[in-house]
Amino acid sequence: RGFYFYSGEDHNSIVDGFTITHNYFVPSYAIYCTQASPKIMNCIITENGFGILGEESSALIIDCTISDNITGMDFSDSNPIINKCIIKNNTRENALKLKYGDIFSTRIMPPGGIYCSQSTPTIINSIVSGNSTWWLGAGISLWANSNGTITNCTIVGNTDDRDGTIWCEDSILTINNCILWQNKSKLGAMI
C-alpha cells in the first residue's frame, strides 16, 4: 500500500508531489482514506489496483493524474472534491498487467475511472479519458443514492461493454458545461 489515512485526518494532512505506483498486493491501493479527508495534490498515481479508495471521506484531490490502475478512484459514503485532475486509462486489462488475473478484478474491483456508492462527488475542471469496464460506467459511475456534480469537464474516449460512459443508478447527477465525446457503449448511450 501507499498512504493510509484512518485517524480522522482532515485537509491539513497533505500528500503533495508524489508518484505512487506498483501497489500490487491486497490491499492494493495507492491512497486509502477511511474516516479521513486528506488533501492530495500534484501527485501521479499509476499502476495500482485502486488509485484512491475512500470510505467516509471528504478528500480534496487537486492537480493529480490517476492513470493505468484497475480502478482510478472508488468512494463509498464519501464527499470527495476532484479538481483539475486527469483520470485516464484505468481498465480491467490492467489487472492482468498488474498480475491480478481477471477473476480478482471482475469480482472485487470495479474497473474504470471514478466509481461512487452512497457518495456526493464534486468533479470540476477535470479530464476523464480512455477508461474502460464491462459494466456500470467506464468513465464515472454513481449508484446507491449518490448525488454528484460534474462541471467544466471533458469526458472522452471511454469504453463500456454494456452500460455507457456515465452510469447513474438510484442517484442524481448534475452535469454543467461538459464535453462528452467519442465514448463507446454496446447500448449506444453515453449516459
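In which sense do strands β13 and β17 pair, and over how many bridges? I looked this up in a predicted model. β13 (residues 112-117) and β17 (residues 140-143) pair in the parallel sense, over four bridges. I then checked a residue pair. Ile114 has Ile140 in β17 as its bridge partner.

Next I followed β17 onward. β17 is joined to β21 (residues 166-169) by four bridges, and these two strands run parallel. Ile140 turns up again here, standing opposite Ile166 in β21.

I moved to the seven-stranded sheet. This sheet is open, its order is β2-β5-β8-β11-β14-β18-β22, and its pairing is parallel. Which strands stand at the edges? I found β2 (14-16) and β22 (172-176) there. Each has a single partner strand, so one side of each lacks a neighbour in the sheet.

β14 (residues 122-124) pairs with β18 (residues 147-151) over three bridges, in the parallel sense. Ile123 stands opposite Ile150 in β18.

Last entry: the three-stranded sheet. I read its order as β16-β20-β24; this sheet is open and its pairing is parallel. β16 (132-133) and β24 (184-185) are its edge strands, each pairing on one side only. How many bridges link β20 and β24? I found two, with β20 (residues 159-160) and β24 paired in the parallel sense. Across this pairing, Thr159 stands opposite Lys184 in β24.

Conventions:
Residues are numbered from 1 along each chain as its sequence is written. This is a predicted model: local features need pLDDT of at least 70, side-chain atom pairs count only at pLDDT 80 or more; totals for chains, interfaces and linings use all residues. Side-chain values use heavy atoms; hydrogens and water are left out. Two strands pair if DSSP finds at least two bridges between them.
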